[in-house]
Amino acid sequence: MTRGITAWSEIDNGIVPVDDGELFYETAGSGPAVVLLHGGMLDQHMWDEQFAWLVNSGLRAIRYDFRGHGLSSTVAGDYANHDDLCALLDALDVPGAVLVGLSHGARVALDTAIARPERVTALALASPGISGRAFSDPFILEHISAQVAALGAPDGAERYVEHFLRMWVDGPHREPSAVHPGFRERMRASAEANVEVHADGAGAGVPLEVGAADRLGEIRVPTVVFDGDLDSSDISANAHAIALTVPGARRVRIPGAAHMVNLENTALFDRELHAFLSSLDYDR
């Protein structure tokens, strides 16, 4: 049981079938639904710090592992993450939900809000990726190239994960030694598990996306975007684009954090997310 969940609120978990695969999910609580969408190469446990208080705030918290991550199935062909999410909502009898996503999870949230707007009541986007926007930060491009070079090498998996940590845990403005070692090792363990379990899915299929970069202005739900002051220029640019283009969107800059804002400045992130969720009109 996730620490902090009250005794009356047991966690339910299960498997939802999707085309060529299945998704593992957990849910607890009752009330308006909030879906937590994790970052790439991680899994739903990156939301452990938020899951309990969401439930205890009178909300139904739902989290799951994307295809090719965690306890969900390995990629076996082309797929659409926003279709997978809607299949999960259907299986859980949830007509619409607030989507809280970080990085790749925010990318999926944006795609869903554009492709299936009737299923999304609000967006909280942390360190957001945006489909259709290419990376340009030299730091990120350097490490992506190094990841590609690591593929197939005897120590390739270890190097691949280390470059992931450099990009999306340390960030471009600090060395690994400046990051809390326990936090960094937690992220390493999650990424290593995904690489080990889902390596067979590499190249087996690609996610089909909507090209949200050119369609942000179509979004018509309350939106907040968070980004850390130690993250890459690409993520800062994404956060700026969302705040500038999505009608009514608000940007919250998180100090003392790189990409994983919910885990590096948890108190501020939780306070701002709670305020956003409390401001929503769930009956509209």
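This is a predicted model: local features need pLDDT of at least 70, side-chain atom pairs count only at pLDDT 80 or more; totals for chains, interfaces and linings use all residues.
Reader: Why is N194 called buried?

Author: Buried means under 20% relative accessible area, exposed over 50%, and partly exposed in between (1.4 Å probe, protein chains only). N194 has a relative accessible area of 7%, so N194 is buried.

Reader: Where is N194 found?

Author: N194 is in helix α6, residues 181-198. Helices (H or I, at least four residues) are DSSP runs, numbered from the N terminus.

Reader: What makes the pairing of N194 with M41 a polar contact?

Author: A polar contact is a pair of N or O atoms within 3.5 Å; within protein, one must be able to donate a hydrogen and the other to accept it, and residues adjacent in sequence count only if both atoms are side-chain atoms. A polar atom of the N194 side chain lies 2.9 Å from the backbone oxygen of M41. The N194 side chain also reaches the backbone nitrogen of G70, at 2.6 Å.

Reader: Which residues is N194 in contact with, leaving aside its neighbours within four places in sequence?

Author: Contact means heavy atoms within 4.5 Å. On that basis the residues are M41, L42, D43, G68, H69, G70 and A199.

Reader: How do you know that the span of helix α9 agrees with its number of residues?

Author: The expected span is 1.5 Å times one less than the number of residues. For the 13 residues of α9 (residues 266-278) that gives 18 Å, and the end C-alpha atoms are 18 Å apart, so the two agree. Buried residues in α9 include F269, L273 and L277.

Reader: What is meant by a nonpolar core, and which residues have the most contacts inside the largest one?

Author: A nonpolar core is a set of buried Ala, Val, Leu, Ile, Met, Phe, Trp, Tyr and Cys residues joined through side-chain atoms within 4.5 Å. The largest has 46 residues, and F226 and L277 have the most contacts inside it. Helix α5 (residues 156-170) supplies the largest share of this core, six residues. A second, separate core has 37 residues, among them L99 and V120.

Definitions and conventions. Residues are numbered from 1 along each chain as its sequence is written. Side-chain values use heavy atoms; hydrogens and water are left out. Helices (H or I, at least four residues) and strands (E, at least two) are DSSP runs, numbered from the N terminus.
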